[in-house]
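Today I'm going through the charged side-chain pairs.

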Amino acid sequence: AVINGTNKACYEDRSVVGWAIKEENLALKTVGDIENPASYGFAVKKGENEDLLKMFNAGLANIKASGEYDEILTKYGYNETTYKDESAERQESGVTPEKTYIIYSDNSFAPFEFLGDDGEYTGIDMDILAAVAKDQGFEYEVHNEGFDASMGAVQSGQADGMIAGMTITDDRKQTFDFSDGYFEDGQILVVPADSEITSIADLAK
């Protein structure tokens, strides 16, 4: 609607629309600051798989400190902040993995999970999960079945956890336990590439 002129602007998730603009060469741009910022988290069924959460949190801290997390975000065009900290002590989960974990994810939510040119799922979530698992020494299988299917699989016990650009909210905490936030996102104003609009206030003029 913004491209064809029906709307002057719209709000979309910053990371998703930013990826689409870049990859599809859309005649759009984002302006202003992020609205309603929130963190994405790795989720397990409430009260279960505490060890998996411990490993995810420890692994996330370690890949941030090593700079690997920065490399992942830079790969997908998100490098506003540097997390590398060579002085940080390695985090240990205290868990010895004894199984292959079943992890569900979305099947179309670029740049977090999407089919790459090689026919394999790739994206920020896939890369973070792989890096965390390597750091913590656990094996896993990913099932890219869609967001709603992933939530259902975790709730039913079919999956041990899910990573799918899932926003951590108080409502979801009634059903899921979350890891530390691994990515912060929010809505941002999207306008035509040649627009002079720089903020929501300009729309009232």
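Entry 1. I'm working from a predicted model. I searched the whole structure and got nine salt bridges. I looked up some of them one by one.

Entry 2. I started with Lys45 and Glu48, whose side chains form a salt bridge at 4.0 Å, N to O. How exposed is Glu48? It comes out partly exposed, because its relative accessibility is 37%. Lys45 is partly exposed too, at 26% relative accessible area.

Entry 3. Next I took Lys46, which pairs with Asp177 in a salt bridge, with 3.5 Å between the closest N and O atoms. Where do the two partners sit in the chain? Asp177 belongs to strand β9 (residues 176-178), while Lys46 lies in the loop between β3 (43-45) and α2 (50-66). I noted that this pair links distant parts of the chain, 131 residues apart. Lys46 is partly exposed at 43%.

Entry 4. Then I checked Lys84 and Glu86, a salt bridge whose closest N and O atoms are 3.5 Å apart. Is Glu86 buried or exposed? I put Glu86 down as exposed, since its relative accessible area is 70% and the exposed class starts over 50%. Lys84 has 44% relative accessibility, so I logged it as partly exposed.

Entry 5. Last, I looked for salt bridges with shared partners, and found that they join Arg90, Glu92 and Asp135 into one network.

Note on methods. Residues numbered from 1 in each chain as written. Predicted model: local features only at pLDDT ≥ 70, side-chain atom pairs only at ≥ 80, totals over all residues. Heavy atoms only, no water. Buried < 20%, exposed > 50% of the residue type's maximum accessible area, 1.4 Å probe, protein only. Helix = DSSP H or I, 4+ residues; strand = E, 2+ residues; numbered from the N terminus.
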